[in-house]
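Subject: Structure for you to look at

Dear colleague,

Here is the structure I promised to pass on, and below it I have set out what was found in it. Please read the notes with the sequence and the view open beside you.

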Amino acid sequence: KQLMIELTGSAEIRPSEALKAYRYREDLTQVQLAKKSGISQANISAMESGRRPIGLNTAKKLAKILNCDYRRLV
(Lines give C-alpha, C1' and ligand atoms only; values in the text may rest on other atoms or scores of the structure.)
Protein backbone atom coordinates (compact mmCIF):
# COMPACT_ATOMS: atom_id res chain seq x y z
CA LYS A 1 0.00 0.00 0.00
CA GLN A 2 2.86 2.36 0.85
CA LEU A 3 4.43 1.81 -2.57
CA MET A 4 1.13 2.68 -4.23
CA ILE A 5 0.84 5.87 -2.18
CA GLU A 6 4.41 6.82 -3.13
CA LEU A 7 3.76 6.15 -6.82
CA THR A 8 0.38 7.81 -7.08
CA GLY A 9 0.15 10.19 -4.12
CA SER A 10 -3.16 8.65 -3.13
CA ALA A 11 -4.46 5.74 -1.07
CA GLU A 12 -7.19 5.13 -3.67
CA ILE A 13 -5.68 3.09 -6.44
CA ARG A 14 -7.02 2.65 -9.97
CA PRO A 15 -6.38 -0.74 -11.65
CA SER A 16 -3.88 0.88 -14.03
CA GLU A 17 -1.88 2.24 -11.08
CA ALA A 18 -2.09 -1.09 -9.26
CA LEU A 19 -0.70 -2.90 -12.29
CA LYS A 20 2.28 -0.58 -12.45
CA ALA A 21 2.92 -0.78 -8.70
CA TYR A 22 2.76 -4.58 -8.65
CA ARG A 23 5.09 -4.74 -11.65
CA TYR A 24 7.57 -2.48 -9.84
CA ARG A 25 7.26 -4.57 -6.69
CA GLU A 26 8.19 -7.68 -8.67
CA ASP A 27 11.09 -5.75 -10.26
CA LEU A 28 9.87 -6.37 -13.80
CA THR A 29 10.05 -4.12 -16.82
CA GLN A 30 7.11 -3.91 -19.19
CA VAL A 31 9.09 -5.98 -21.67
CA GLN A 32 9.78 -8.70 -19.09
CA LEU A 33 6.13 -8.79 -18.04
CA ALA A 34 5.12 -8.98 -21.70
CA LYS A 35 7.37 -12.00 -22.26
CA LYS A 36 6.11 -13.79 -19.14
CA SER A 37 2.44 -13.09 -19.86
CA GLY A 38 2.26 -13.29 -23.65
CA ILE A 39 0.68 -9.82 -23.68
CA SER A 40 2.40 -7.26 -25.88
CA GLN A 41 4.45 -4.54 -24.22
CA ALA A 42 2.32 -1.97 -26.03
CA ASN A 43 -0.83 -3.37 -24.43
CA ILE A 44 0.78 -3.44 -20.98
CA SER A 45 1.78 0.19 -21.46
CA ALA A 46 -1.77 1.09 -22.52
CA MET A 47 -3.21 -0.70 -19.47
CA GLU A 48 -0.79 1.05 -17.11
CA SER A 49 -1.63 4.45 -18.55
CA GLY A 50 -5.38 3.79 -18.37
CA ARG A 51 -5.85 3.93 -22.15
CA ARG A 52 -6.93 0.28 -22.22
CA PRO A 53 -9.04 -1.55 -19.63
CA ILE A 54 -7.69 -4.68 -17.97
CA GLY A 55 -10.17 -7.44 -18.72
CA LEU A 56 -10.95 -10.26 -16.31
CA ASN A 57 -8.94 -12.95 -18.10
CA THR A 58 -5.99 -10.63 -18.54
CA ALA A 59 -6.16 -9.60 -14.88
CA LYS A 60 -6.08 -13.24 -13.80
CA LYS A 61 -3.09 -13.96 -16.02
CA LEU A 62 -1.18 -10.90 -14.78
CA ALA A 63 -2.08 -11.53 -11.14
CA LYS A 64 -0.43 -14.97 -11.22
CA ILE A 65 2.80 -13.44 -12.50
CA LEU A 66 2.65 -10.43 -10.16
CA ASN A 67 1.66 -12.42 -7.05
CA CYS A 68 -1.43 -10.37 -6.32
CA ASP A 69 -5.21 -10.70 -6.19
CA TYR A 70 -6.65 -10.32 -9.69
CA ARG A 71 -9.51 -8.24 -8.30
CA ARG A 72 -7.05 -5.39 -7.67
CA LEU A 73 -6.52 -5.18 -11.44
CA VAL A 74 -10.14 -4.95 -12.63
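In what follows, a residue is called buried when its relative accessible area is under 20%, exposed when it is over 50%, and partly exposed in between (1.4 Å probe, protein chains only). Helices are DSSP runs (H or I, at least four residues), numbered from the N terminus. This is a predicted model, in which local features need pLDDT of at least 70 and side-chain atom pairs count only at pLDDT 80 or more, while totals for chains, interfaces and linings use all residues. Residues are numbered from 1 along each chain as its sequence is written, and side-chain values use heavy atoms, with hydrogens and water left out.

I begin with helix H3, residues 30–37, whose buried residues are Gln30, Leu33, Ala34 and Ser37. These lie on the same side of H3, because they cover an arc of only 105 degrees around the axis, the arc being that of the directions from the helix axis to the C-beta atoms. Among the elements covering the buried residues of H3 are helix H2 (15–25), helix H4 (41–49) and helix H5 (56–66), where contact means heavy atoms within 4.5 Å. After H3 comes glycine 38, with a positive phi near 80 degrees.

Turning to charged pairs, a salt bridge is taken here as a side-chain nitrogen of Lys or Arg within 4 Å of a carboxyl oxygen of Asp or Glu, and by this rule there are four. One of them joins arginine 14 to glutamate 17, with the closest N and O atoms 3.0 Å apart; arginine 14 is exposed at 53%, whereas glutamate 17 is buried at 18%. Another pairs arginine 25 with glutamate 26 at 3.2 Å, and arginine 71 meets aspartate 69 at 2.6 Å, N to O.

Aspartate 27, in the loop between H2 and H3, has a positive phi of about 55 degrees and is exposed at 66%. Asparagine 67, in the segment after H5, has a positive phi near 55 degrees and is exposed at 52%.

Methods. Helix = DSSP H or I, 4+ residues; strand = E, 2+ residues; numbered from the N terminus.
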